[in-house]
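The sequence and structure are shown first.

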Amino acid sequence: MQQTYLDPQILSAISGLDLVAKTVVQGFINGLHRSPDFGFSQEFAEYRMYSPGDDLRHVDWNVFARSERMYLKRYKGETNTKVTVLLDLSKSMSYGKKPNKLEYSRYLVSSLIYLAVQQRDATGLILFDDEVRQFIPPASRVGHLHKLLHVIEKAEVGQHTDFGKPFQQFLQFIRQRGLVIVVSDFYADPETVIQTIAPLRWKKNEVVLFHVLDRQELEPTVTGPSTMIDLESGDAVEVTPEYLRTEYRVKMNQHIEDLKSKAQGAGMDYFLMPTDKPLDAGLREYLAARKGRM
Amino acid sequence: MGLLSPWWLLAGALGAALPYWLHLLQQHKQDPVDFASTMLLERRTESTTYQRKLKYKALMALRLLILLLIAFAFAQPFLRKPPAILNAGNTLNIVVVDNSFSMREGDRLNVAKQEANSALSAGATSQVWSLGSHVSFLSQVTKDRAELTGGINSIGSTDEKSSFAELSRALRDASRSTGRPLKVTFITDAQKTALPPSFGDLSLEPGSEMKIVEVGRKLANYTIETVNAPKTLSDLTKAKVNATVAAFNAPAAKKTVVLKVNGKVLASKTVDVPENGRATVEFTGLDGPYGWLRGEVEISDSDALIEDNRFYFAVERADPRKVLLIEEQRGTRAGLYFKAALESSAQSFFAVEEMSAGAAASANLSNYAFVVLNDPGVNVKGIEGTLRKYVESGGAIWIAAGSQTGSMPAVPVAGFATSGSKVASRGTQRYFAPANVDPTFPSLRRTGRLEGVRFFQYVSMTAPEGSVIAARLEDGSPLLIEKKMGEGKVLVFASTFDNVANDLPVKPGFVPFVEQTADYLGRVEDRSSSFVVDSYLELRSDQKRASSVEVIGPKGDRVLTLKEAAAANTLRLTEAGFYDVRRENDRQELVAVNVDRRESVLDPVARENLQLWEQSGKGAASSSGAAGSTDTPAPEPQSFWWWAALLAFVTLLAESYLSARYLQVKA
């Protein structure tokens, strides 16, 4: 079945992150063909016809004996994973047209948390800019989801980005291994970013980097020579359309490639999320990472 | 510098604010743009941006300039250029000698030439003019005294009439075109008749000086003022020549007046001319061969101005021209009346030839001056094509419509639709009276508007579009209709020439009606053969047709050059005497030209009036000087708005070029 995902711009018209998250996740789950969270626990979910290529270990031989038909027995997954989402609140995250990067990140993080709660994962949240602004430890109790969503909704941009300080604090909070999701625009040297985040990996955590960028950052278009003002530092740089069309894009692509290759080199998953991209891609990445944790 | 409409400049200044505001908006668009991070940006655009700003400024400046220049042009700027008189130290001396006809009196012209020579100042830039009816330039503007003297000596007497207004106009033009102050010396007999009706026509340009040297004096003079003679005659014994002898400032005297034809004295009469009055002499009978006769009426006694004692006239002796009267039946009463009326005139030049419609079929119609169709009916239908061809090739037909014509659906040849004959009833309306008679129509000039004529019967017809209705009856029906057909014409009279359908033949207007119509249709009055000097003779009636015209002047020389002979439409008659004009098809015509008799009046203008004329240039200068509270003429405003408009156009081109370049870079 072909799934039609909701455009981020349409999501921005929905008020309330819980509704956004629910809309995204329900739509996502309904469209899943073969979900990776099936088949790893003892809680029966459903039967399915055997098809060539399926693992014979999952065939219900009792049913075969009775009906001479091969059915696969399917089980619901276990939810004993801890998921911690780190959301960058630096001022550069406020860039972009509706939805801007922060709004998009809110949708993404909300959807991830919502999905994680659906999977019975313990879910936590850290908001940071140049230091940790808010920390909600992972938990799976009732009402925790609403707390998280409320915090995300109220989150406002801070000042500069500094991965060093908040990650050092965060390392102190990590008690057991789990899944760590970092949502940021990563305006820093890729080497520094990876070096800062890499210690999480040493503690057997699965780390996923969601690189959120506005389309204008990837492919900026201006009608004439312009003076660009850095939202965080306030620095002004005069640029020409020619430069933005050619050299800047090369540098941006290089930056993304560096980040990606260094992240993958450090055993992390990297995922580029332009703000005009449907959120299901992020959810898939989460599920893939969670599968790695099983 | 000044502005005739300064408000435009204010409007332009406000208008110029618009592009300036747009420019500011454009600059505003270049305000810094927020960007997530400049980490990956490099500054390398400073020079480009700088150039672009320069471009914008240049464009803005050009646009502002265009608007301001347009507003400036609309404000009509002008410069107060000092008059040429102020900045020209080189005065132009103009010596004008009057050589009109009246200067032939005594030794006036020689005296005038001597005065002109003495008026030449050594080393001064001068020019010599002569004045008749026109101004002639007899030398270049030069300091060469020999050339100037030669110009003066070349002045000869003319038969022209002097015009002081023409001189003033030429002086004004010279002053404006040269931009130099004029110093004019005018040697003239200062005839009173040379003054224009309005003294304002004599005014000179400010700063022009004029000095009038009078060489004339008041003298008694007798002249033949007018001569009336027939133009064309077949019977010279009937010819009557009337001459008027006039005395100007002259006492009563007995004058002997002589009639000459071709130089031969035919008659001589003595007449008593009253003091400052006129007397008339009548000669009866002329004599001479066939063709054009050169007639002269002359006062044999001498007086102050002998040349005006002779008056020229031209008479053509020719066989009478034939008129063809076509009738259904010969010997009708209408034919009789018509023939009698046409041949009874003393000035008559026509002989009527009667013919039946059947006999007319074999006649050569081109031999006839015109054709008369008396009550054409069925019999004429047979020759209608011939008649139509005759008209279209330049002939003329006069149709008198009677009862037979009324019985036909259309008038023969003319083709006017008829609706039968209308007869006045014996009741209340016993006749129809003419109404709406055009007295200027050639046939009806001396007919007294046909008053008192009663029409008992007429043919009702419809005049087609393009025809001329010269007279109508009181019920609105056309009575006399003219229609052009090709080169010729058809004249339709809605009644007959007898005294049955109307009583016109027994009324006094009948003979002039027939005579004038015959002259009109026979083209006798087409051209006059008497002119005054300076009038223009028409050489070609059809200007589109190429034909050669030859004119022999009074002195026996060819007046026209080869080019003029082939193309000139008119000839200016400059001399008194006889002009022999040979038109196309060897048609010869003799034209008598006489001097304008106002030249015979030798009364000079009062000295006070001449002084006023002399001071008209100074007066204008001093009056304008008084207005400017200086002693100099007021500066003349010279508008130069077109320069501003031209500059605006050039600026517009530059703006378009810059804009195009800018847009190209942008694209």
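In this predicted model, helix α7 (residues 190–202) of chain A packs against α10(A) at an angle of about 25°, and their axes lie 9 Å apart. Axes here are lines fitted to C-alpha atoms, for helices over the stretch in contact, with angles running from 0 to 180 degrees between N-to-C directions. Because angles under 35 degrees count as roughly parallel, α7(A) is roughly parallel to α10(A). The crossing of the two helices α7(A) and α10(A) is right-handed, a term used if the near helix is turned clockwise from the far one by less than a right angle.

From α7(A), the contact draws on Pro190(A), Glu191(A), Val193(A) and Ile194(A); α10(A) supplies His255(A), Asp258(A), Leu259(A), Lys262(A) and Ala263(A). Contact requires that the C-beta atoms of two residues, placed from the backbone, lie within 7 Å. By class, the residues of this contact are five nonpolar, one polar and three charged. Ala, Val, Leu, Ile, Met, Phe, Trp, Tyr, Cys and Pro count as nonpolar, Asp, Glu, Lys and Arg as charged, and the others, Gly among them, as polar.

Between the chains, 27 residues of chain A meet 17 residues of chain B. On the side of chain A, two or more residues each come from β8 (226–230), β9 (236–239) and α10 (247–265). The largest share, five residues, belongs to β8(A). That side of chain A comprises 13 nonpolar, six polar and eight charged residues. Helices (H or I, at least four residues) and strands (E, at least two) are DSSP runs, numbered from the N terminus.

β8(A) is also joined to strand β2 (residues 33–35) of chain B by three bridges, and the two strands run parallel. Strands pair if DSSP finds at least two bridges between them. Met228(A) stands opposite Val33(B) of β2(B).

The model scores ipTM 0.75 and pTM 0.50. Chain B has an average pLDDT of 83, with 89% of its residues at 70 or above; pLDDT is the predictor's confidence in each residue, from 0 to 100.

Over residues 84–88 of chain B, pLDDT stays under 50, and the model has 12 contacts beyond four places in sequence for them. Where pLDDT is low, the predicted coordinates should not be read in detail.

Residues are numbered from 1 along each chain as its sequence is written, while chains are lettered from A and ligands numbered from 1 in the order in which they are written. In this predicted model, local features need pLDDT of at least 70 and side-chain atom pairs count only at pLDDT 80 or more, whereas totals for chains, interfaces and linings use all residues.

Terms used. Angles under 35 degrees count as roughly parallel, over 145 as roughly antiparallel, 65 to 115 as roughly perpendicular and the rest as oblique.
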